[in-house]
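Thanks, everyone. I have one model to walk through this morning. Please bring it up on the screen.

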Amino acid sequence: FTVALLDEDSRILSINRSPPGTELTPQELIGRILYDMDNGAGEEYAQLFRSAVETAQPLREERVIKDAEGNAIHLSLRISPVRTSDSESLTFIATIVDITETRKALLNLHKNREKQKLMESVTYHDIFNQVQIMKGYLELMGSDESRKEQDRRMFSRVEKAADNISDQVKV
């Protein structure tokens, strides 16, 4: 979690640690322009930052950058204006948070939900079909008049269990 104090030109005045994907130390970042650190996003960030300066409104941006090995790093950038009562100048507090693991977890959650929906659908139909088969055979077996009374009671219990499973599976 990186926190930086920026001037109106997005020049870093103070910073607690280097942002993810940056190999420069915090001391080396002092005086640099925040949006120049992201390869290829400078002008886009510059426009966003100018908008935040003009409106004095908070800015929130999510961005994907590449580290030195080419791995994707998902970042959340928030810039909030701060105007002190004794100063006409506007400064900004920027926070940069690596949300890569959060993004991966959300993607996995979405994939798991889709798998769960498929599994529920398959499970319901598979169980329901088997219960219907059981009930059909039980009906045929229970209608035989030559069965002993005890056999009929057992078949009745199995049939009741099949009905219970069927009721439990219904949505």
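Let me start with one cut-off. A residue is called buried under 20% relative accessible area and exposed over 50%, and partly exposed in between. K104 has 45% relative accessibility, so K104 counts as partly exposed.

Now, confidence. This is a predicted model. The mean pLDDT of the protein chain is 78. Of its residues, 83% reach 70 or more.

Let's take the pairings one by one. Strand β4 covers residues 72-83, and strand β5 covers residues 90-98. They run antiparallel, joined by nine bridges. Two partners to pick out on screen: I79 has A94 in β5 as its bridge partner, and L77 has I96, also in β5.

Next, the other neighbour of β4. Strands β3 and β4 pair in the antiparallel sense, over eight bridges. Here I65 stands opposite I73 in β4. These two strands make a hairpin, with five residues between them. Look at G70 in that hairpin: G70 takes a positive phi near 90°.

A general point for anyone colouring side chains. In a regular strand, side chains alternate between the two faces of the sheet.

Now the charges. Side chains of opposite charge can pair when their charged atoms come close. How many salt bridges does the structure hold? Four. I will go through some of them.

Start at E62. E62 forms a salt bridge with R60, and the closest N and O atoms are 3.0 Å apart. E62 also takes a salt bridge from R103, with the closest N and O atoms 2.3 Å apart. Why does the R103 pair matter for the layout of the chain? R103 lies in helix α3, residues 100-142, and E62 lies in strand β3, so the pair ties together parts that are 41 residues apart in sequence.

What about exposure? E62 has 33% relative accessibility, so E62 counts as partly exposed. R60 is at 47%, so R60 is partly exposed. R103 has a relative accessible area of 32%, so R103 is partly exposed too.

Stay on helix α3 for one more pair. E101 forms a salt bridge with K104, with the closest N and O atoms 3.7 Å apart. Both residues lie in helix α3, three residues apart, which is about one turn of the helix. E101 has a relative accessible area of 57%, so E101 is exposed. K104, as I said, is partly exposed at 45%.

How values were computed
Residues numbered from 1 in each chain as written. Predicted model: local features only at pLDDT ≥ 70, side-chain atom pairs only at ≥ 80, totals over all residues. Heavy atoms only, no water. Pairing = 2+ DSSP bridges. Helix = DSSP H or I, 4+ residues; strand = E, 2+ residues; numbered from the N terminus. pLDDT = per-residue confidence, 0-100. Salt bridge = Lys/Arg side-chain N within 4 Å of Asp/Glu carboxyl O. Buried < 20%, exposed > 50% of the residue type's maximum accessible area, 1.4 Å probe, protein only.
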